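Please look over the sequence and the model below before reading on.

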Amino acid sequence: MAERKFPEAPTSGWGSPRALDQPATATATLAIPLDGLTITAPPPEMLSQKNVEAVTGIPPRVFLDTIRAPGFPLPVTKLGKLRLVEREAFVAYLRALAGEPSSRRTAETDERTRVAAVLAAAGLEPVASTRTDRASVPPEGARRGRLPPK
């Protein structure tokens, strides 16, 4: 059996094993016009009156009125005049509001059905009435601001 001898590799320079293991790279400068790039940032984690219109399309006044309304379910962080709400939770809240009108109609129908059942149990019938924008309608023939003559 013949024994082969390999020449020793130099310890530095182009012939070194370290230089042979690395892939060859090239460096180039590329000029791209700025109008050819689109850079998008991730949406903010928190919404405020300053960024809510850019993220959701809701005007700042509507945002502030919504988060100040009684019964608003999300936590609001106050930093001076700035009001912050978590973006994902606020968007989920808006989606829930968008799906709510049909459930409101169902609740109104259920209430009318329950009222009709109570009236029927008492031997009465519901009477349709015209809706007015006033809290109460004065009886016919009543005059405003005068007492009846004695």
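Does R87 count as buried or exposed? R87 counts as buried, because its relative accessibility is 16%, where buried means under 20% relative accessible area, exposed over 50%, and partly exposed in between, with a 1.4 Å probe and protein chains only. This is a predicted model, in which local features need pLDDT of at least 70 and side-chain atom pairs count only at pLDDT 80 or more, while totals for chains, interfaces and linings use all residues. Residues are numbered from 1 along each chain as its sequence is written, and side-chain values use heavy atoms, with hydrogens and water left out.

The protein has five helices and three strands, which are DSSP runs numbered from the N terminus (helices H or I, at least four residues; strands E, at least two). Along the sequence these elements follow the pattern α-β-α-α-β-β-α-α. Of the 150 residues in the protein, 12% are buried.

The three strands form an open sheet in the order β1-β3-β2, and their pairing is antiparallel; two strands pair if DSSP finds at least two bridges between them. Strands β1 (46-47) and β2 (77-79) are at the edges with a single partner strand each, so one side of each has no neighbour in the sheet. Strand β3 (residues 82-86) runs antiparallel to β1 and is joined to β1 by two bridges, and M46 has E86 as its bridge partner in β3. Helix α3 (residues 60-68) packs on this sheet and touches β1 and β3, its direction making about 75° with that of β3; contact here means heavy atoms within 4.5 Å, and the angles, from 0 to 180 degrees, lie between N-to-C directions of axes that are lines fitted to C-alpha atoms, for helices over the stretch in contact. Helix α4 (residues 87-98) also lies across β1 and β3, and runs at about 75° to β3.

A search of the whole structure finds two salt bridges, a salt bridge being a side-chain nitrogen of Lys or Arg within 4 Å of a carboxyl oxygen of Asp or Glu. One of them joins the side chains of R87 and E88 (3.8 Å, N to O); whereas R87 is buried, E88 is exposed, with a relative accessible area of 55%. The side chains of R61 and D65 also meet in a salt bridge (3.4 Å, N to O), and both residues lie in helix α3, four residues apart, or about one turn of the helix. R61 is partly exposed at a relative accessible area of 48%, and D65 is partly exposed at 43%.

Apart from neighbours within four places in sequence, P59 is in contact with V52 and E53. P59 and Q49 are ten residues apart in sequence, and their C-alpha atoms are 8.0 Å apart in space.

L30, I32, L34, L37 and I39 make a nonpolar surface patch of about 630 Å². Of these residues, L37 is in the loop between α1 (17-21) and β1, and L37 counts as partly exposed at 44% relative accessibility. Patches are made of residues with over 30% relative accessible area and no salt bridge, with like charges joined within 9 Å and nonpolar side chains (Val, Leu, Ile, Met, Phe, Trp, Tyr) within 5 Å.

How values were computed
Areas by Shrake-Rupley, 256 points an atom, 1.4 Å probe, with all protein chains shown as cover.
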